[in-house]
Amino acid sequence: EDERRRLDGAGYRHVPQVHEPGDYATRGALLDIFPMGSALPYRIELLDDDIDSIRAFDPETQRSLDRLEEIRLLPGREFPLTEAATKAFRTKLRERFDVDPRRSPIYQDLREGAAPAGIEYYLPLFFEQLDTLFDYFSEHTLMLLEDGALAAADPFWQQVGQRHESRAHDIERPVLPPGELYLNPEQ
């Protein structure tokens, strides 16, 4: 149960059978998990509180493959899905938008512990501030851009703006301004 809570909090989905990255399933003394960034899922066989074996397995046939000594897990999502984090998110959603929690699928899904499709577009509501990739570079980092990279940024930014305008009036699924989610081409 403790591991299930940790996996849920890390954004993994509890499912009956593991098929894709971000899934995990429990059956008796078995824990199947498909970590983000992994080519294959893993089957962890438990013996009381100890790990008896770890094996990769084929998600189509469910047959075990190679035995492993250890695995490393990345979070299932870019944001936490703990009870405290989702409660803070729901509070910020109500503060930012005039939503009726009973009619908002995003609010309801998160209240039930599920991560709705498109939740990554609400990332700023999970954190006090967001960092960009550039925040991790030193001031002496030399940036190289592939030919055409900046030219591609302008049409992308225009598409983002158009999508925002077309969805800006949806009261059940409100959207954040593009500048809160993306850097504009000048930035």
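# Reading a predicted model: pocket, sheet, turns and helix

User: What is the volume of the largest pocket?

Analyst: The structure is a predicted model, and its largest pocket has a volume of about 590 Å³. A total of 21 residues line this pocket, and the closest to its centre are Thr 132, Leu 181, Tyr 182, Leu 183 and Asn 184.

User: Which elements give two or more residues to the lining of the largest pocket?

Analyst: They are helix H4, residues 149-167, and helix H5, residues 178-181. H4 provides the largest share of the lining, with 4 residues.

User: How many residues of that lining are nonpolar, polar and charged?

Analyst: The lining of the largest pocket divides into 14 nonpolar, 4 polar and 3 charged residues.

User: How many bridges join S4 to S5, and how many join S5 to S6?

Analyst: Strand S4 (residues 42-47) and strand S5 (residues 50-57) run antiparallel and are joined by 6 bridges. S5 and strand S6 (residues 64-68) also run antiparallel, with 3 bridges between them.

User: Which residues stand opposite one another in these strands?

Analyst: Glu 45 stands opposite Ser 53 in S5. On the S6 side, Ile 54 faces Leu 68 across the pairing, and Arg 55 stands opposite Arg 67. For reading such positions, the general idea is that side chains in a regular strand alternate between the two faces of the sheet.

User: How should I read the turns, and which residue has a positive phi in the hairpin of S4 and S5?

Analyst: Most residues other than glycine have a negative phi. In the hairpin of S4 and S5, which has 2 residues between the strands, the residue with a positive phi is Asp 48. Its phi is near 60 degrees, a positive value in a residue other than glycine.

User: Is Asp 48 buried or exposed?

Analyst: Asp 48, in the loop between S4 and S5, has a relative accessible area of 72%. Exposed means over 50%, so Asp 48 counts as exposed.

User: How many residues lie between S5 and S6, and which residue in the turn has a positive phi?

Analyst: The hairpin of S5 and S6 has 6 residues between its strands, and Gln 62 in the turn has a positive phi of about 65 degrees. Gln 62 is also a residue other than glycine. Gln 62 lies in the loop between S5 and S6 and is buried, with a relative accessible area of 17%.

User: How does one read the span of a helix, and what does H2 reach from its first C-alpha to its last?

Analyst: The span is compared with the value expected at 1.5 Å a residue. Helix H2 (residues 83-96) has 14 residues and reaches 20 Å, close to the expected 20 Å.

User: Which residues of H2 are buried, and which are exposed?

Analyst: The buried residues in H2 are Ala 85, Thr 86, Phe 89, Arg 90, Lys 92 and Leu 93. Seen down the axis of H2, these buried residues fall within an arc of 165 degrees, so they line one face of the helix. On the other side of H2, the exposed residues are Glu 83, Ala 84, Lys 87 and Glu 95.

User: Where is Gly 76 found, and what is its separation from Pro 35?

Analyst: Gly 76 is in the loop between S6 and H2, where it is buried at 9% relative accessible area. Gly 76 and Pro 35 are 41 residues apart in sequence, while their C-alpha atoms are 7.0 Å apart in space.

User: What separates the C-alpha atoms of Arg 163 and Val 175?

Analyst: These C-alpha atoms are separated by 9.7 Å, and the two residues are 12 residues apart along the chain. Arg 163 lies in helix H4 and counts as partly exposed, at 33% relative accessibility.

Notes
Residues numbered from 1 in each chain as written. Predicted model: local features only at pLDDT ≥ 70, side-chain atom pairs only at ≥ 80, totals over all residues. Heavy atoms only, no water. Pairing = 2+ DSSP bridges. 1 Å grid on protein atoms, 1.4 Å probe; cavity = no way out; pocket = protein on both sides within 12 Å on 5 of 7 lines; lining within 4 Å. Points joined across faces, edges and corners; volume = space filled by probe spheres on them. Nonpolar A, V, L, I, M, F, W, Y, C, P; charged D, E, K, R; others polar. Expected span 1.5 Å × (residues − 1). Buried < 20%, exposed > 50% of the residue type's maximum accessible area, 1.4 Å probe, protein only. Arc of directions from axis to C-beta.
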